[in-house]
Amino acid sequence: AWTRSVRSAGRRGGRARGPGEPAAGPGASAPRSRSRRRLRAAGAAETRRRPGGAGQPGRPAGRPRCAGPAPARSRGGGSAPGRSWRATPPRRAALRGSGSCLRPPPPAGSGPFPGVICLNTINGGAGEPKASLLANHGFITLALAYLNYDDLPKSVTNLDLEYFSEAVNFLKQHPKVKRPGIGAVGISKGGDVALSMATFLPDVRAAVIINGCNASAVIGMHFKNKVISAGAGYSISRMRVEDSGVANIGEVMNEVNKECVIPVEKAKGTILFVVGDEDKNWKSTNYANEAIKRMKKHGNEKFDLLTYPGAGHLLDTPYFPFCYASYHSVARMYTLWGGNAKDHAFAQEDMWPKVQSFLKKTLNN
């Protein structure tokens with residue numbers, strides 16, 4: 001039944017049903033509708049195509065593709081967890097004009113507000129829910145896509161840090177963004193991108209690495225025509241297929257060698273590592289510990305660590321449903337993400353007030 005549910009979920013484009021969940025029936029569409037309503041209530045804006053594409057007038061190739069900046073909105077209650085996280089979606093700005101200029105509406109209040117760039121997984125997209133959530137709690141956010149969004153490629157061999165540097169400079173120019181530095185929040189592959197930004201871009205003064213790697217995973221990273229981190233390899237032969245028919249890729253990543261490790265000790269800002277200790281995508285706890293060990297060795301103590309027992313890889317915004325398995329663009333099949341529903345849900349609710357507090361404390365100093 002579980003295998004059939006995975007296949008049917010793939011045809012529907014939905015989430016795979018986990019063991020113990022009721023079988024899909026005639027009313028199966030109702031929970032999906034409720035999930036969508038919850039997602040919108042949590043502050044996720046709908047994706048809209050932007051005018052123009054690569055090679056077309058009005059939008060040169062190689063410019064950042066963004067879904068913001070989203071305006072900051074001050075709300076009573078600040079960082080208190082609970083229903084206050086279910087905020088109204090922020091207004092969106094379209095990408096217009098030559099030079100890929102974003103034209104955000106003015107934030108509520110006089111500001112200035114801390115600016116934060118949000119980065120999604122290797123599956124691509126803009127990662128708008130996290131940006132939307134932070135935007136409703138006093139931040140100006142930029143949901144920055146780098147793969148598989150609009151006219152961006154679905155996969156690349158190397159990323160160029162100049163692309164992310166341009167996004168940093170753009171966000172800094174917003175008249176209501178607090179100077180001098182900005183923050184970066186990334187999950188999974190987006191986590192190691194945020195780590196590279198904090199390491200090599202001095203204007204990135206705070207970084208939140210959610211279940212990220214301490215190297216540039218799978219895809220290499222270039223900066224100013226130099227390789228700063230070769231793509232950490234993987235061996236798909238180590239992938240296991242569970243009895244449920246879902247892949248377990250927890251042992252697929254190769255040992256990180258010195259050519260791949262990000263020299264995080266060079267970071268000028270402060271880094272918060274957030275890990276779920278039952279991550280089945282890769283060994284995120286080990287990666288965070290290795291990065292911290294390297295920072296300590298070089299006398300850099302500007303870091304913090306949040307570890308959540310029982311939590312898996314896809315630590316999303318509060319009240320997002322626990323995802324047992326979903327499609328992985330590298331494995332090209334449904335894969336386990338790890339964790340259990342109760343502990344994972346607690347981690348999602350507990351971490352975001354702490355992430356918000358970290359960003360405000362770091363960027364306001």
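In the predicted model, residues 24 or more positions apart account for 73% of the contacts with a separation of 6 or more, a contact being heavy atoms within 4.5 Å. Local features were taken at pLDDT of at least 70 and side-chain atom pairs only at pLDDT 80 or more, while totals for chains, interfaces and linings use all residues of this predicted model. Residues are numbered from 1 along each chain as its sequence is written, and side-chain values use heavy atoms, with hydrogens and water left out.

Of the 365 residues, 52% are buried, where buried means under 20% relative accessible area, exposed over 50% and partly exposed in between, computed with a 1.4 Å probe on protein chains only. The protein exposes about 16200 Å², of which carbon and sulfur atoms supply 50%. These areas come from the Shrake-Rupley method with a 1.4 Å probe, and for residues only the protein chains shown count as cover.

Two packed helices are described by the angle between their axes and the distance between the axes. For helix α4 (residues 161-172) and helix α5 (residues 189-200), the axes come within 11 Å and cross at roughly 75°. This angle makes α4 roughly perpendicular to α5. Axes are lines fitted to C-alpha atoms, for helices over the stretch in contact, and angles run from 0 to 180 degrees between N-to-C directions; under 35 degrees counts as roughly parallel, over 145 as roughly antiparallel, 65 to 115 as roughly perpendicular and the rest as oblique. Helix α4 contributes L161, F164 and V168 to the contact, and helix α5 contributes V193, S196, M197 and F200. The residues of this contact comprise six nonpolar, one polar and no charged. In this division Ala, Val, Leu, Ile, Met, Phe, Trp, Tyr, Cys and Pro count as nonpolar, Asp, Glu, Lys and Arg as charged, and the others, Gly among them, as polar.

The structure holds seven salt bridges, each defined as a side-chain nitrogen of Lys or Arg within 4 Å of a carboxyl oxygen of Asp or Glu. One of them joins K189 and D192, with the closest N and O atoms 3.1 Å apart. K189 and D192 are three residues apart in helix α5 and are therefore separated by about one helical turn. Both K189 and D192 are buried. Another salt bridge pairs K283 with E251, the closest N and O atoms being 3.4 Å apart. K283 lies in the loop between β13 (270-276) and α6 (284-297) and E251 in the loop between β12 (247-248) and β13, so the pair ties together parts that are 32 residues apart in sequence. K283 is partly exposed at a relative accessible area of 40%, and E251 is partly exposed at 42% relative accessibility. In a further salt bridge, K354 and D350 have their closest N and O atoms 2.9 Å apart. These two residues, K354 and D350, are four residues apart in helix α7 (residues 341-364), so about one helical turn separates them. K354 has 39% relative accessibility and counts as partly exposed.

Several loop residues were also examined. A311, in the loop between β14 (303-308) and β15 (325-328), has 0% relative accessibility and counts as buried. Not counting residues up to four places away in sequence, A311 touches G276, D277, E278, D279, G339, D343, H344 and A347. The C-alpha atoms of A311 and G339 are 4.4 Å apart, although the two residues are 28 apart in sequence. N340 is found in the loop between β16 (333-336) and α7 and is partly exposed at 28% relative accessibility. With residues up to four places away in sequence left out, N340 touches E278, G310 and F322. N340 and F322 are 18 residues apart in sequence, with a C-alpha to C-alpha separation of 7.9 Å.

Backbone geometry is noted at three further loop sites. The peptide bond from R179 to P180 is cis, with omega near 5°, and P180 is in the loop between α4 and β7 (182-187). V218 is not a glycine but has a positive phi of about 70°; V218 is placed in the loop between β8 (204-210) and β9 (220-223) and is partly exposed at 28% relative accessibility. Y319, also not a glycine, has a positive phi of about 75°. Y319 lies in the loop between β14 and β15, and its relative accessibility of 31% counts as partly exposed.
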